[in-house]
Structures are given as C-alpha cells and as structure tokens.
Amino acid sequence: MNASARLAAQLGFLIESEKLKEVLRRSSPVGVSRRENSAEHSWTLALMAMTLAEHANAAMDLGRVFRMLLLHDLVEIDAGDTFCYDAAGNATKAERECRAAERIFGLLPEDQAGEFRELWEEFEEGASAEAAFANALDRLMPLIQNFNNGGRSWREHGVTGGQVLERNRKIGEGSAGLWEYAEALIGEAKAQGFFGDKL
C-alpha cells in the first residue's frame, strides 16, 4: 500500500467513525435531558481513566487503556448500542459486534486493522489489567449518570437494584476502590427509591 492509499484508508476509517455520534445510549449526561451518544461516552471514559488511574488494582499502561476506551464502542456503528439489561439483545450482541469489528477495523491499513481489532478484543475479554480497569470505568459511568439523574433510565426500563448490583460487580476486577464507591452509590439509590425492588 503506497502512502497516499494508506492515508486514504485511514481517513476513510476516521470519516466512518463519525457515525458513532449518532448512536444513542440509554443513559443521559448528568443534568441533561437528552440521551448520550456513544462518542460522548467514549470521551468521558478516557477522561475518567486519566483522572482515576491511581485507583486501579494493578500497575497498567494508561495509554493502552485510552486506546481501548476510544475503540471499544466503534462496533456500535453497525451493531447499535445494546442495553446491558436487555437479555434478548445481549444474546446476539457478540455475533453482531464481531461482524461490525471486521468491517469497521477492516477499513484501515492491515497493520492498524490488526492492532485496533486486538485492542477491541482485549477490552471485550477483560483479562488484562488495562482491560479490567477500562471495563470498570465503562460500568461505573452509567451508574454515576443514573444516580445523578434520579435513576431516570433505570425507572424508564424497569431495572431493579438487584440487576444493577449484579451487573456492576465487575467494577471490582479493575478497581476495588471504585467498586466500594459503586456499592455505596447503589445502596443510596435504593434508599432514595430509584429502584422498585429490594436489593
């Protein structure tokens, strides 16, 4: 691939990535009535990583965390945002997202396509220190948003406190301190009546 073809492929990928700004999530930014888009979500997570890195369970490469967070939701351009409490949607999520990863990362020159796909897969597997911390942030932010918006999307979708507690346990794999905070937040959400069930 010559230099001009490589640049054209890279720019094509970046132009395609603009579509992530149209993918709406279930959560709203704190204090905002509209729904957040997936590009905003990715930016927020990168800022969280920079701010909260000291709370990670293990030493890690923060640059690798940033790269994962910026790439992790690009597959939603094709696959859409699958609501984490939607059992039917989650049954087909992996297959839809793998197809999307193949197409979207495939727009890049071969070396970058492989690198970006590996970072995305590492995030999905959640096994490395970087991926565990990135996943912790990916779960923590919607929890913070929902709590600070009076449980809006939890209420809209009938999400129970038990579901929220179970879903967010994974935060502890990346950060024990952030999980302690999340547990307290979930308890406070229950006390304020943001859920219609008992934990």
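Here are a few friendly notes on the pockets in this structure.

1. This is a predicted model, in which local features need pLDDT of at least 70, side-chain atom pairs count only at pLDDT 80 or more, and totals for chains, interfaces and linings use all residues. Residues are numbered from 1 along each chain as its sequence is written, and side-chain values use heavy atoms, with hydrogens and water left out.

2. Start with the largest pocket, whose volume is about 540 Å³. A pocket here is an open set of points, on a 1 Å grid over the protein atoms alone, where a 1.4 Å probe fits, with protein on both sides within 12 Å along at least five of seven lines; lining residues have an atom within 4 Å of a point. The volume is the space filled by probe spheres set on the points, which are joined across faces, edges and corners.

3. Which residues lie nearest the centre of the largest pocket? They are Thr82, Cys84, Lys93, Asp138 and Arg167, out of 30 lining residues. Helix 7 (129–148) is among the helices that each supply at least two lining residues, and helix 7 gives the most, with six. Helices are DSSP runs (H or I, at least four residues), numbered from the N terminus.

4. By class, the lining of the largest pocket has 10 nonpolar, eight polar and 12 charged residues. Asp, Glu, Lys and Arg count as charged, Ala, Val, Leu, Ile, Met, Phe, Trp, Tyr, Cys and Pro as nonpolar, and the others, Gly among them, as polar.

5. The second largest pocket has a volume of about 160 Å³. Its lining includes Phe13, Trp43 and Leu74, and divides into seven nonpolar, two polar and two charged residues. Helix 2 provides the largest share of this lining, three residues.
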